[in-house]
Amino acid sequence: MTSSVDLYVRGNSPLHRLDVRAKVIALTGFLIATILAPTRPIWPSVALFVMLGIGIAVAHLGLELVVKRLGGLTLVIGVPFLLSRFGSLPTQLAGEMFALKSLLVASAFLLLTSTTRAETVLDLAVRVPVVGGLGALAAFILRGMHVLIGEVMRTNRSWALRAPGASLKVKVSGLTSASISLLGRAAARSERVGAAMVLRGFDGALPVSVADPLPRHHLAAGFAIAIVSLLVGSISRWL
Amino acid sequence: MSKVRPDTLSKARELSLAGLLGALGLLLPIGFHALGWGGKIFLPMHLPILVGGFLLNASIAGSLGLIVPLLSAVLTGMPPLAPPVAPLMAIELLIKGSVASFAYRRLRLPLAAALLLALISDWLVLALAAFGLAEFFRIEDSPLIYVGGAIALSWPGTVLQAAIAPLAVRVIEQRVPRLAEARRRR
Amino acid sequence: MAVTSALSIENLSYSYPNAGTAIENVSFSIASGERVALLGANGAGKSTLLWCLVGVLPAQGRVWVGGTLLGHGTEREIRRNLALAFSEPDDQLFMLTVERDVTFGPLAAGDDLETANEKALRAAAEVGLRTELMQRPPHELSSGEKRRAALAAILVSGPKVLALDEPTNSLDAPGRQALAETLAGLDCAQLIATHDLGFASQLCTRALVMVEGRLVDDTDLSDLLADRERLIQYGLATESRA
């Protein structure tokens, strides 16, 4: 069974092939640029949106997909923005800044998550000192998710929850018992998985393998995107 | 005959249990959304993190709370990273998980008391965030309105946590007696 | 008790907390390269025995693997030489890709990445796991492929003894046949806990029979399979209704 819950869109574009470390460098530069870009004048933010548009085109993501994914944020971005219109000038400016920057950051993350498998990011995160432990935990969560998806599909009650027209009582009771049953099974399974780790030599930390060196041209591409973003985002401050 | 060094095996089992509870933290919100039940109302992500808080040590429970919203944001887009709902939830659940663990496993308070402390810590984080954001965006209205609104809106989620978390902890402690023993032994 | 055997057990006993005795005074030994079936009805104690062999359950009694006694400080060596295949391979595939799972053991033992990868490829070839599956996440594999991946992950360290807990669970007939052929091609001694008598008869000539936690028979497998009364007595077959 393949995962159907992540945002990765299969493809072979230059962005898909770009090393994830280079993408993180590019994203970091872009996020800083977003913070630096003023709300007024608006053209630096527009320029950053144009950069994102180029990225989306290069990744062959399609406008429909972008609209569908960003559309989910309409409420959380739109409502505060609309409410701010009724406030004082500082509140209105704050609302504009909030909406603009939220959209920029959301679009940037959309580009990253659509062109990078979560497993690739986590595989790398595990190897990083300090955050390696969190990366390992995230990797375990991801693995656990795929196992649980299989278990949920096999649990009879999940079908009752999906029955159209099921009464609220059935839905609540079904979801509750399914969750508790899953928790119990998860705990029992975790004992076995923990034992499996120890039997294969786990001694308190996941064994870390050295990452492949980052190819120079990927590194250059990542930095180029970051630097251009920073220039675009901050240029109005010098002019 | 000797047995396995308990610390390594316990650590492995904790990591594994945290992984599976975190996975539930990813899947339950998906299930709730599929049924059309709002995440802000029922707080489905909070439930496994709270249960994890009662069953895991504080550092791993806190890590779980930190990771799950961020991982969910990256994998599914919800909660969103921008606006910073996911980062705020990450801090909220980090505190909630850690407080639940500290209160139940370290201080050995009754589960109801630990649950209440965890809920209060969650609301305090929301209040602090609301004040902080109000300052940052220079919003003149009292931020307590938003905090009060968020808490009121999510009362079904609070009830769900109060009802199900203790039951879930009992179910798991029965399936894995070692967890209850570890708490008693401390 | 001969400690030159691949695996030797003396008076092994274990009781679960708040439950009855799971296994009691079990003793036997297995020679290098020998394949032995561990038979018994559900709840006979087969799985418990296997967990005790690898030291996860703290049993009373003694276990030698290749001459080394299981105890404080020897667990790692024992587990390098005695590998346990779980009944559910998903429980043993805990990394994000099959390759990471198979290289986990060598990396944990301190091998560098190149050596670990070489060992992983050899182990994958040994169990018939296709190389292109190595980069896939475990959840994308079929039951049979997961079984092979889990086997590769535990064989990669070159154990002298392989213990398998209900290895034919969720395998169809071709899958069982393929697994039998794979196991027949391995050099190590094998202890196969199963209630699948047909599978056992393909691989093993000797049977250990457990009933309610006790080892009640150590016998030739084909003799046992021909003796319906004994099979019924041990809970391995039921009386015909015809």
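**Exercise 1. The length of a helix**

Determine what span helix α6 of chain A should have at 1.5 Å a residue, and compare this with the distance between its end C-alpha atoms in this predicted model.

*Solution.* Step 1: helix α6 covers residues 89-115 of chain A, which is 27 residues. Step 2: the expected span is 1.5 Å times one less than the number of residues, and for α6(A) this gives 39 Å. Step 3: the end C-alpha atoms of the helix are 39 Å apart, which agrees with the expectation.

A residue is buried if 20 or more other C-beta atoms lie within 10 Å of its own. By this criterion, 19 of the 27 residues of α6(A) are buried, and the helix is mostly covered.

**Exercise 2. The contact between chains A and B**

State how many residues of each chain take part in the contact, and identify which element of chain A gives the most.

*Solution.* Step 1: the contact joins 53 residues of chain A to 49 residues of chain B. Step 2: on the side of chain A, two or more residues come from each of α5 (74-84), α6, α8 (132-154) and α10 (168-199). Step 3: α10(A) gives the most, with 19 residues. Step 4: sorted by class, this side of chain A holds 34 nonpolar, twelve polar and seven charged residues.

**Exercise 3. A sheet in chain C**

Give the order of the six strands in the open sheet of chain C and name the edge strands.

*Solution.* Step 1: the order is β6-β7-β8-β3-β9-β10, with mixed pairing. Step 2: β6 (82-85) and β10 (214-220) of chain C each pair on one side only, and they are thus the edge strands. Step 3: from one strand to the next, the twist averages 20°.

Step 4 examines one pair. Strand β9 (residues 206-211) of chain C and β10(C) are antiparallel and share six bridges. In β10(C), C:Asp220 is the bridge partner of C:Arg206.

Helix α1 (residues 46-53) of chain C lies across β3 (35-39), β6, β7 (161-165), β8 (189-194) and β9 of that chain, and runs at about 145° to β7(C).

Note on methods:
Residues numbered from 1 in each chain as written. Chains lettered and ligands numbered in written order. Predicted model: local features only at pLDDT ≥ 70, side-chain atom pairs only at ≥ 80, totals over all residues. Helix = DSSP H or I, 4+ residues; strand = E, 2+ residues; numbered from the N terminus. Buried ≥ 20, exposed ≤ 12 C-beta atoms within 10 Å, placed from the backbone. Contact = placed C-beta atoms within 7 Å. Nonpolar A, V, L, I, M, F, W, Y, C, P; charged D, E, K, R; others polar. Pairing = 2+ DSSP bridges. Axes fitted to C-alpha atoms, helices over the stretch in contact; angles between N-to-C directions.
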